[in-house]
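Hello,

Here is the structure I promised to pass on. My notes follow below it.

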Amino acid sequence: MGLAERHVDMFFHAFCAVGHFIGLQSAAEGMRIPGKKDGVSGATAPAMWAAGRHEEVIEYCIQDTRATLAIAVEAETAKRLHWKTRSGERRNFALPGG
């Protein structure tokens, strides 16, 4: 069995159920865990890389990976994914199977 055969993309699953994308930072804030690295985004990372700021981009990618894992672990335990809306509300989506 391949690695991806048992993979569930919780953000895609939520997108299909709630009808809109939930960003990593919104989920981190909703789950009350550390989120993205300040000062770097997916939009700025390529230019930073091209400018030779490799370590900063690598740290950004590492933090995104840590945040994604922490969100997944917490969502599995809580049986729901929480996120913070642009208006500051905390919403959630049930994940009965974890």
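A residue is buried here if its relative accessible area is under 20%, exposed if over 50%, and partly exposed in between (1.4 Å probe, protein chains only). By that cut-off Gln-63 is buried, as its relative accessible area is 18%.

Some ground rules. This is a predicted model: local features need pLDDT of at least 70, side-chain atom pairs count only at pLDDT 80 or more, and totals for chains, interfaces and linings use all residues. Residues are numbered from 1 along each chain as its sequence is written, and side-chain values use heavy atoms, with hydrogens and water left out.

Overall layout. The protein chain has four helices and two strands. Helices (H or I, at least four residues) and strands (E, at least two) are DSSP runs, numbered from the N terminus. Their order from the N terminus is α-α-α-α-β-β. The C-alpha atoms fill a box of roughly 45 × 45 × 20 Å along the principal axes. Of the 98 residues, 29% are buried. Contact means heavy atoms within 4.5 Å. Of the contacts with a separation of 6 or more, 49% join residues 24 or more positions apart.

Back to Gln-63. This residue sits in helix H4. Leaving aside neighbours within four places in sequence, Gln-63 touches Pro-34, Gly-35, Lys-36 and Lys-37.

Helix H1. It spans residues 10-18, and its buried residues are Met-10, Phe-11 and Ala-14. These lie on the same side of H1, because they cover an arc of only 95° around the axis. The arc is taken over the directions from the helix axis to the C-beta atoms. The buried residues of H1 pack against helix H2 (24-31), helix H4 (54-78), E1 and E2.

The strands. E1 (residues 80-84) and E2 (residues 90-94) pair in the antiparallel sense over five bridges; pairing takes at least two DSSP bridges. His-82 stands opposite Asn-92 in E2. Five residues lie between the strands of this hairpin, and Gly-88 has a positive phi near 95°.

The second largest pocket. A pocket is an open set of points on a 1 Å grid over the protein atoms alone, where a 1.4 Å probe fits, with protein on both sides within 12 Å along at least five of seven lines; lining residues have an atom within 4 Å of a point. This one holds about 210 Å³ of space. Its lining includes His-20, Phe-21, Trp-83 and Arg-91. The lining residues divide into three nonpolar, four polar and three charged.

Best wishes

Technical notes. Points joined across faces, edges and corners; volume = space filled by probe spheres on them. Nonpolar A, V, L, I, M, F, W, Y, C, P; charged D, E, K, R; others polar.
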